[in-house]
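Thanks for coming, everyone. Let me put the protein up on the screen, and then we will walk through it.

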Amino acid sequence: MNTPNLSMAQDRRHRRAQHYMDTQQWAAAQATLESLVQLAPHDARARMGLANVMFRQGQLRAPTEQLMHVARTPPDDVPTMIELVRGLFTGGATLAARACLSRFTAIRGQPAHTLAEQSRLWWMLGEIGESRSLIERAIAEGADEPDAHLQYAMMLQYSGELVAAREVLEACLRRWPLFGGAAMALANVQKQTPDTHHLDFLHAQLARIPVGSHHRDDNHVRAEFEAALFKELDDLGRYDEAWSALARSNGLMQALNPYDAAAEEALTQALIGAPAAIAAAASAAGQADGPIPIFIVGLPRSGTTLLERMLSNHSRVASAGEINDFQRQFLWAADVAPAGARALAKAFERVGRIDFADLGARYLKQTQWRAKGHPYYIDKLPSNIQMVPFIRHALPHARILHIVREPMDVCFSNLKAMFGNVSAYSYDIDAMAHYYAQYVRQADQWRTVLPKAMLDVSYAALVQEPEATLRQVLDYCGLELEPGCLSPERNATPVATPSSVQVREPVHTRALGQWRSYATQLSDLQSALDRHIHAMRFRK
């Protein structure tokens, strides 16, 4: 077939495939794109489209392989490159995503908006230094959208430059006063005082945002401003007013992001049977060479960042940050595309088919570079509490630290955190208690069936008796105590979590019992916790 005829044939099949995708005829779209790839193996557009269709049908391995093929000779156009990097990252091909992004970044003369997008991609990969460098270049080149300025402020905050971050946020809000993300960031970048608060500004903007709007964006922005108002009122000790703002914010977010209790229970139930299925699997990992991962797990807002900062101030330990690499490799091994709790439950049901030696090897290949020459590296992702039995089987030499915080404190800390359009459990008291009970059931299960799988670390003990507690942690990891571990505020490395401001301080006990300032309003939380934990243990 000559080149003009080949191009015409490609164009016809592309148009046919696009029709099938537009009408959600996924099987027909996949068949058409597969024939197109056979016809033109180097057609990046066809392979990218095929990967997208496969993802939508719940596959993970095959679409990632298509993207890896494209990555060998990546395209030059910006939208395709961005889609490629995101797709590779989703498929657990972190090294390939990083290599493509490095080639992308090396292109000279790029416009400001492209530099800003690359900054966001580097942040997605956990590379705060590269992300900051690019967003600074974007701002210098005239990036003029609010998200770019917020990105710059967050990079400054993550790097500990809190005064500079505040100045960028204040300038951002002068230009875009209804930018809710910046309002929340400004409230959180420091503890507000009678001389530094922004209450008048927040009330003025709330007066401009429609109440009871039918538009999702209006309600989301209003929720952000109410969350900022809560934080500033809470800092000022005006607790009744603060609670009212938090209730309004969480009510809006709950309506936007309903909690799926049935999906969470199905996930836990699938998890409970996992150890037996793992035992029946054909392979187990052995001792691996190279840096050793230390996993820190637990509930969000339980103290995982503090423990990470203390450990990563050790001369033999690096922090990889809050990465999701193990779960991505687990989903790849099970060949299930990421899609929330129900997708994870489906992957758990396929545990008996997983080659755990390969799973462990894939994880190490994609993450050990993050150790940067250190013999240990920290993988801090609270939700890996669900991955404990799989980590233990795939990486028997890894250390797993489970930080445990008092229920009312950790639940209240989640309820006030405003995670955005994720963590739907955190916007309603009953949902929070139900989610906490699922977490307790999972942790109890690992303690019972895998009694040496993880070390429980009390948050209260960590802040009240830091030296004694940390000695136990380091001994479990095979490390000696170093003085720097007791001074996490001296850890100069970036930290990209919601606790990035708090961990710049010396270890303190102020977070213990914070919920008591709202004891009256949280009485329903205590009752809900008792009810859900009792129901969970009764079912066992």
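**A buried tyrosine, and what surrounds it**

Start with Tyr-436: its relative accessibility is 7%, so it counts as buried (under 20% relative accessible area; exposed is over 50%, partly exposed lies in between; 1.4 Å probe, protein chains only). Tyr-439 has 8%, so this one is buried as well. Both sit in helix α23, residues 429–449. They are three residues apart, about one turn of the helix.

A word on the ground rules. This is a predicted model: local features need pLDDT of at least 70, side-chain atom pairs count only at pLDDT 80 or more, and totals for chains, interfaces and linings use all residues. Residues are numbered from 1 along each chain as its sequence is written, and side-chain values use heavy atoms, with hydrogens and water left out.

Now the whole protein. How many helices and strands are there? The protein has 26 helices and five strands, taken as DSSP runs (helices H or I, at least four residues; strands E, at least two) and numbered from the N terminus. Its radius of gyration, over C-alpha atoms, is 24 Å; the globule rule (2.2 Å times the number of residues to the power 0.38) gives 24 Å for 540 residues, so the protein is as compact as a globular protein of that length. The C-alpha trace spans about 75 × 60 × 45 Å along its principal axes. Buried residues make up 54% of the 540.

Next, contacts, meaning heavy atoms within 4.5 Å. Take those between residues at least 6 apart in sequence: 71% join residues at least 24 apart.

On to the aromatics. Rings of Phe, Tyr and Trp (its six-membered ring) pair if their centres lie within 6.5 Å; planes under 30 degrees apart are stacked, over 60 edge-to-face, and the rest tilted. By this rule there are 13 aromatic pairs. Phe-230 and Tyr-518 have ring centres 6.2 Å apart and planes at 45 degrees, so this pair is tilted. Which parts does the pair tie together? Phe-230 lies in helix α13 (216–235), and Tyr-518 in the loop between α25 (466–477) and α26 (523–539), so the pair links parts 288 residues apart in sequence. Phe-230 is at 3% relative accessibility, so it counts as buried. Tyr-518 is at 0%, so it is buried too.

Last item: Phe-230, Tyr-239, Trp-243, Phe-412 and Tyr-518 form one aromatic cluster.
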